Structures are given as C-alpha cells and as structure tokens.
Amino acid sequence: MENMEATNREIKSLFPEKKRGALITAGVLTAGLISFKKGNSELGKTLMRARVVTQGATVALMVGTAAYYGEKL
C-alpha cells in the first residue's frame with residue numbers, strides 16, 4: 001500500500017508540468033490567431049507550427065507518463 005501511495009504522489013507532482021505544457025500550447029495558439037487577425041500571416045504560420053511542436057511535446061509527456069506509471073502499477 002505504501003508503494004501505491006508513493007506512486008500517486010509522484011504522479012501528482014507531474015501535473016504542474018502537464019498544465020504548463022497545455023498553457024504554453026494555448027498561449028502560442030492565441031498569439032498565432034491574433035497574428036492572423038492583424039494580417040501578419042507569416043508570423044501566424046510560424047506560430048501555428050510552433051503550436052504543433054508544443055502540443056506534440058505535451059502529448060508525448062502525457063503518454064510517456066502514462067506508460068511509465070502504467071507499468072509500475
């Protein structure tokens with residue numbers, strides 16, 4: 001039972017990292033949409049590409065965490 005509690009504490013400690021990734025993704029998306037609205041399509045395209053990268057990193061972190069702790073439990 002102690003091992004399960006320790007694992008739960010470890011998992012909970014990773015939530016801020018996942019939230020940070022989601023917030024960064026949302027921020028880049030917002031900046032990209034604002035750029036498109038202002039007519040700066042080149043910056044908008046660059047920011048949309050950056051959003052894909054940050055979103056991929058966030059998903060990879062989530063999948064990696066789930067796989068790691070799934071094997072541990």
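Biologist: In which helix is the place of E42?
Modeller: The model is predicted: local features need pLDDT of at least 70, side-chain atom pairs count only at pLDDT 80 or more, and totals for chains, interfaces and linings use all residues. Residues are numbered from 1 along each chain as its sequence is written, and side-chain values use heavy atoms, with hydrogens and water left out. Helices (H or I, at least four residues) and strands (E, at least two) are DSSP runs, numbered from the N terminus. The place of E42 is in helix α2.

Biologist: Is E42 buried or exposed?
Modeller: Buried means under 20% relative accessible area, exposed over 50%, partly exposed in between (1.4 Å probe, protein chains only). E42 has a relative accessible area of 54%, so E42 is exposed.

Biologist: What is the C-alpha to C-alpha distance between E42 and G32?
Modeller: In sequence, E42 and G32 are 10 residues apart. In space, their C-alpha atoms are separated by 9.7 Å.

Biologist: Which side chain meets that of E42 in a salt bridge?
Modeller: Side chains of opposite charge can pair when their charged atoms come close. A salt bridge is a side-chain nitrogen of Lys or Arg within 4 Å of a carboxyl oxygen of Asp or Glu, and the structure holds one. Both partners lie in helix α2 (residues 41-72), three residues apart, about one turn of the helix. At 3.8 Å, N to O, the partner of E42 is K45.

Biologist: What is the relative accessible area of K45?
Modeller: K45 lies in helix α2, as does E42. K45 is partly exposed because its relative accessible area is 37%.

Biologist: Which residue has its backbone oxygen 2.9 Å from a polar atom of the T25 side chain?
Modeller: T25 is found in helix α1 and is buried, with a relative accessible area of 11%. The backbone oxygen 2.9 Å from a polar atom of its side chain belongs to G21.

Biologist: With which residues is T25 in contact, leaving aside neighbours within four places in sequence?
Modeller: Contact means heavy atoms within 4.5 Å. With those neighbours left aside, T25 is in contact with R51, T54, Q55 and T58.

Biologist: Which backbone oxygen does the side chain of T65 reach?
Modeller: T65 has its place in helix α2, and its relative accessible area of 10% makes it buried. At 2.7 Å, the T65 side chain reaches the backbone oxygen of L61.

Biologist: What percentage of the residues is buried?
Modeller: The secondary structure comes to two helices and zero strands. Of the 73 residues in the protein, the buried share is 19%.

Biologist: What percentage of the accessible surface belongs to carbon and sulfur atoms?
Modeller: Accessible areas come from the Shrake-Rupley method with a 1.4 Å probe; for residues, only the protein chains shown count as cover. The accessible surface of the protein comes to about 5,400 Å². The part belonging to carbon and sulfur atoms is 65%.

Technical notes: A polar contact is a pair of N or O atoms within 3.5 Å; within protein, one must be able to donate a hydrogen and the other to accept it, and residues adjacent in sequence count only if both atoms are side-chain atoms.
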